[in-house]
Amino acid sequence: MSHNAAGRAVTLLDLYRRVPGCEASLIGCIFPHWGRELWSPLQGMGLDPDVVLVEDPARFLAQAEELVKRQRFDVVHLSKPKLPNIVIGLLYKLIWQAQVIVDIDDEELAFVGADHPVTAPSELEVPVDDLTGKAATQLAVGLSRYFDGITVSNPALQRVYGGEVIPHARDEVSFSPSLARRRFNRALFGVPDDCKVVLFSGTPRKHKGIFDIAESLATLGRGDVRFVLVGDFPFSDVKEELLRIRGVNFQLVAGQSYRDTADVVSIGDVVVLLQDAESRAAEFQVPAKLTDALAMGLTVLAQELPALSDLAAAGAFQPVTRQNLTSALAAALDAPIDPVHSPARNLFLERLSMQSVAPRLERYIVGCGRKRLTTKPTDLEPFRNQLLETDSAGRSRVSNDFLRLVSDTLSTLA
């Protein structure tokens with residue numbers, strides 16, 4: 001809950017709040033190596049999530065049990081197949097007999113350098129010495145299939161994991177373009193109303209294509225175009241190197257709150273999304289920024305990768321590569337741009353709005369049903385006794401006995 005993974009959890013929360021008769025809450029874990037507080041763009045939004053700060057892995061199971069016992073839920077939707085989530089999902093099964101769904105919005109194996117999941121600790125090449133590391137993630141991804149259902153963010157993930165596609169949806173009321181909104185926010189951010197804006201919103205990193213965009217704009221040499229980057233640079237040298245590119249009208253804006261995303265996007269005309277075509281993670285990733293841009297009627301240039309295949313077929317964006325980016329940008333900037341009556345906005349309303357996605361989520365949850373464990377809450381004692389063990393070097397790690405118990409218990413749901 002302390003980094004950008006929390007954004008997907010909030011999207012799911014908002015979707016459930018659109019389901020008639022449903023009350024939804026946000027719970028989760030915070031691991032200090034990512035930060036000790038709720039992800040900063042979500043602060044001040046009144047979310048008030050129930051979280052546990054996992055400072056000592058030896059206390060994780062006790063903290064997770066306390067978290068689960070505090071609130072009973074009929075449905076628990078785990079955002080990301082990570083081992084702490086799997087344990088929390090199992091506890092909700094054991095204690096409350098809840099329906100548990102696992103959401104997969106990224107290929108988590110790619111982030112930890114793994115190429116396959118496992119369903120039993122005996123299949124792991126190395127012990128689980130980190131609740132969020134490689135071995136733990138391999139096991140978590142493998143165990144996800146034992147729960148009641150799976151949702152994914154795009155067709156590429158669906159082809160691997162099955163389940164129902166629940167895209168990165170946005171509220172069609174909050175994300176509503178207008179000329180008045182555009183003028184107001186441009187004035188607020190100091191952007192001239194008569195210029196064209198190529199917008200980048202998020203954490204500016206090299207692999208996100210910001211240098212390619214800047215170099216294409218430098219080649220075009222258009223004085224009527226601004227490259228507006230909204231977000232905090234994690235490394236000062238990246239910022240300095242970017243600003244050394246001559247012939248580009250840069251405008252840098254500090255990172256904004258998640259709740260202000262629509263207002264930030266409203267200042268733009270064109271958004272460029274360049275994924276790394278060689279990256280396995282990118283192959284299965286749909287940037288939430290794509291939905292944001294379509295919702296506000298912007299022109300989107302994006303690299304066509306498997307995760308975007310359905311949106312490419314629907315004409316949601318103009319396919320682009322690093323090789324033809326300059327010419328594609330020139331054409332996009334020359335074309336009339338009308339966010340209010342944009343085809344992109346219509347496509348968003350049909351496929352990516354909360355009003356279109358929430359009923360799909362509700363139908364899937366109802367259709368999944370609920371697999372019930374035969375064990376009882378009193379059966380928690382074996383889990384408590386076996387969480388950690390000490391290796392030959394005196395270091396604590398998650399015990400194979402504990403993981404085997406988790407695996408064996410979940411496999412009874414298959």
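**Briefing: overall build and the setting of Arg360**

The protein exposes about 18100 Å², and carbon and sulfur atoms supply 48% of that area. The model is a predicted one. Of the 414 residues in the protein, 54% are buried.

**Fold and dimensions**

- The protein contains 18 helices and 14 strands.
- Its radius of gyration is 23 Å, close to the 22 Å that the globule rule gives for 414 residues, so the protein is as compact as a globular protein of that length.
- Along the principal axes, the C-alpha atoms of the protein fill a box of roughly 70 × 50 × 35 Å.
- Taking contacts between residues at least 6 apart in sequence, 72% join residues at least 24 apart.

**Charge**

- The protein carries 44 positive and 52 negative charges.
- The mean positions of the positive and negative charges are 2 Å apart.

**Arg360**

- Arg360 lies in helix H16, which covers residues 354-368.
- The relative accessible area of Arg360 is 22%, so this residue counts as partly exposed; the cut-off for buried is under 20%.
- Leaving aside residues up to four places away in sequence, Arg360 touches Glu164, Val165, Ile166, Pro167 and Arg351.
- Ser201 is 159 residues from Arg360 along the chain, and the C-alpha atoms of Ser201 and Arg360 are separated by 29 Å.

How values were computed:
Residues numbered from 1 in each chain as written. Predicted model: local features only at pLDDT ≥ 70, side-chain atom pairs only at ≥ 80, totals over all residues. Heavy atoms only, no water. Helix = DSSP H or I, 4+ residues; strand = E, 2+ residues; numbered from the N terminus. Rg over C-alpha atoms; globule rule 2.2 N^0.38 Å. Buried < 20%, exposed > 50% of the residue type's maximum accessible area, 1.4 Å probe, protein only. Contact = heavy atoms within 4.5 Å. Areas by Shrake-Rupley, 256 points an atom, 1.4 Å probe, with all protein chains shown as cover. Lys, Arg positive; Asp, Glu negative; His and termini not counted. Charge placed at Lys NZ, Arg CZ, Asp CG, Glu CD.
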